Amino acid sequence: MSYFDNNATTPLHPAAREALVQALEQGWANPSSPYRTSAQIRASMEKCRESIASTLRIDPEHLTFTSGATEANNSVFSSLAHTSPLGSRVLLSPYEHPSVTEAAQLWFPDRVDTLTAQQNGEIAMEELSDFLQKEQRPVLVAVMAASNESGVIQPWREVARLCQTHGVLYHCDSTQLPGKGSLHDLSLCSFFVTSAHKFGGPKGIGWLVGEGASSLLVGGEQEKGRRGGTENYPAIISACTAWESLSDFTLDSEHFSSMRNKFEKQMISEFPSIQVIGQEAPRLWNTSLFLLPNFENLRWVGKLDKLGFQISTGSACSTTKKGGSPIAQAMKLSPADSQHLLRVSSFHSHTAADWDDLFSAFRQAHLALTEESADSSVISF
Ligand code: PLP
């Protein structure tokens, strides 16, 4: 398996594919229509909601299907902007996905505070605590569960408990958690979100969880009035199938992280100037984010791609972004330095041999890049 960009998206799980195809063929009726076929689809959709809610230990009524995590993150801020007092502020971690930061800036213009980025990639609980004791407390705190770029796991359970103590809403972008980290206690968060394509489900489907949470999409009474738009039943049943397959899978995270850690050790010994971002912090077992001074990241990606290995320059959504990714900004990397970030992200199917093959490919790519640069520096008369 040579696909190492699973934080961007994962391949469709075979069972999720089967459910998707079957629903596209047989479950294509509009779930809101008044005949029996639609009633069956509505019932199946509710079964999915209940099944997901029971693993998350939440009330199914608090789960709204959305087009994914971007819509769900946006919705948290749009609905809060309509219900919170004038002048309310929100507080974000410095590592949030753009669908959190940009939504916060859109709905709370000039009223967004950001926690300080620490060297190890985590937020500082003391700083958060200080913010929550201020006279003008934020109405909502947003700290993601795990970074899509570095894999660093934030102390989100502690954040949830602290916010509860201070009576402040807590939004957790938990998009990168399913299949990689424990979901236990997510119910402590006021809001959290999921995207099915990050754990073997199809793209364009996810959910928003929270009491009273509603999508920014209006113009229909679907989802009990919480989200307008015809429900995408084939995507919902497929996402639910992927979710249930995930719940059946026992994660040996120690085994998985030991393979990743060995790979990082090999990389450090091969490229001594390399930095592993967030190495000192708790991290998802599948992610390595490197700052690799030798050659620009897109050249590495291109060479590795030709060798049959897909890795990324950081988050997929910031590959072409000028200001750099959230982590590059949080680490105050210069534009030139941020072009040296490389992300490797595995998933359940990777074996020790796959990691060894990836390391060999890095060595080969390095050789090719070194030869290329030697050739280009030869002056011909
Ligand atoms: N939040 C995080 C942490 C992500 O990694 C992603 C995916 O890139 C998103 C939000 C957006 O997810 P979606 O593709 O479902 O809109």
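Guide: We begin with a convention for angles: axes are lines fitted to C-alpha atoms, and angles run from 0 to 180 degrees between N-to-C directions. Please note that this is a predicted model. Here helix α4 (residues 98-107) lies across β2 (90-92), β3, β4 and β5, and it runs at about 160 degrees to β2.

Visitor: In what order do the strands of the open sheet stand, and what is the pairing?

Guide: Seven strands make up the open sheet, in the order β1-β7-β6-β5-β4-β2-β3, and their pairing is mixed. The edges are held by β1 (63-66) and β3 (112-114), each with a single partner strand, so one side of each lacks a neighbour in the sheet. From one strand to the next, the twist averages 20 degrees.

Visitor: How do β4 and β5 run, and how many bridges join them?

Guide: Strand β4 (residues 140-142) and strand β5 (residues 169-172) run parallel and are joined by three bridges. Within this pair, Leu 140 stands opposite Leu 169 of β5.

Visitor: In which sense do β9 and β10 pair?

Guide: Strand β9 (residues 287-291) pairs with β10 in the antiparallel sense, over five bridges. Thr 287 has Ser 345 in β10 as its bridge partner.

Visitor: Which residues of β10 point one way, and which the other?

Guide: The general idea is that side chains in a regular strand alternate between the two faces of the sheet. In β10, Leu 341, Arg 343 and Ser 345 point one way, Leu 342 and Val 344 point the other way, and all are buried. Because five of the five residues of β10 (residues 341-345) are buried, the strand is largely enclosed by the rest of the structure.

Visitor: Let us turn to helix pairs. At what angle do α1 and α7 cross?

Guide: An angle over 145 degrees counts as roughly antiparallel, and one under 35 degrees as roughly parallel. The axes of helix α1 (residues 14-26) and helix α7 (residues 233-248) come within 8 Å and cross at roughly 160 degrees; the two helices are therefore roughly antiparallel to each other. Their crossing is right-handed. Among the residues making the contact are Ala 15, Ala 19 and Leu 20 of α1, with Ile 237, Thr 241 and Ser 245 of α7. By class, this contact of α1 with α7 has 11 nonpolar, three polar and no charged residues.

Visitor: How are α8 and α12 placed?

Guide: Helix α8 (residues 253-270) and helix α12 (residues 352-376) have axes that come within 9 Å and cross at roughly 20 degrees, which makes α8 roughly parallel to α12. This crossing is right-handed too. The contact includes Arg 260, Phe 263 and Met 267 of α8, and Trp 355, Phe 359 and Arg 363 of α12. Its residues divide into eight nonpolar, one polar and five charged.

Visitor: Which value of phi does Glu 223 have, and is the residue buried or exposed?

Guide: In general, most residues other than glycine have a negative phi. Glu 223 is not a glycine, yet its phi is positive, at about 50 degrees. The residue lies in the loop between β7 (206-210) and α7, and it counts as buried because its relative accessibility is 6%.

Visitor: Where is Lys 332 found, and is it buried or exposed?

Guide: Lys 332 is found in the loop between α10 (326-330) and α11 (335-338). Its phi is near 55 degrees, a positive value in a residue other than glycine. With a relative accessible area of 74%, Lys 332 is exposed.

Technical notes
Residues numbered from 1 in each chain as written. Predicted model: local features only at pLDDT ≥ 70, side-chain atom pairs only at ≥ 80, totals over all residues. Heavy atoms only, no water. Helix = DSSP H or I, 4+ residues; strand = E, 2+ residues; numbered from the N terminus. Parallel < 35°, antiparallel > 145°, perpendicular 65-115°, else oblique. Left-handed = near helix turned anticlockwise from the far one by under 90°. Contact = heavy atoms within 4.5 Å. Nonpolar A, V, L, I, M, F, W, Y, C, P; charged D, E, K, R; others polar. Pairing = 2+ DSSP bridges. Buried < 20%, exposed > 50% of the residue type's maximum accessible area, 1.4 Å probe, protein only.
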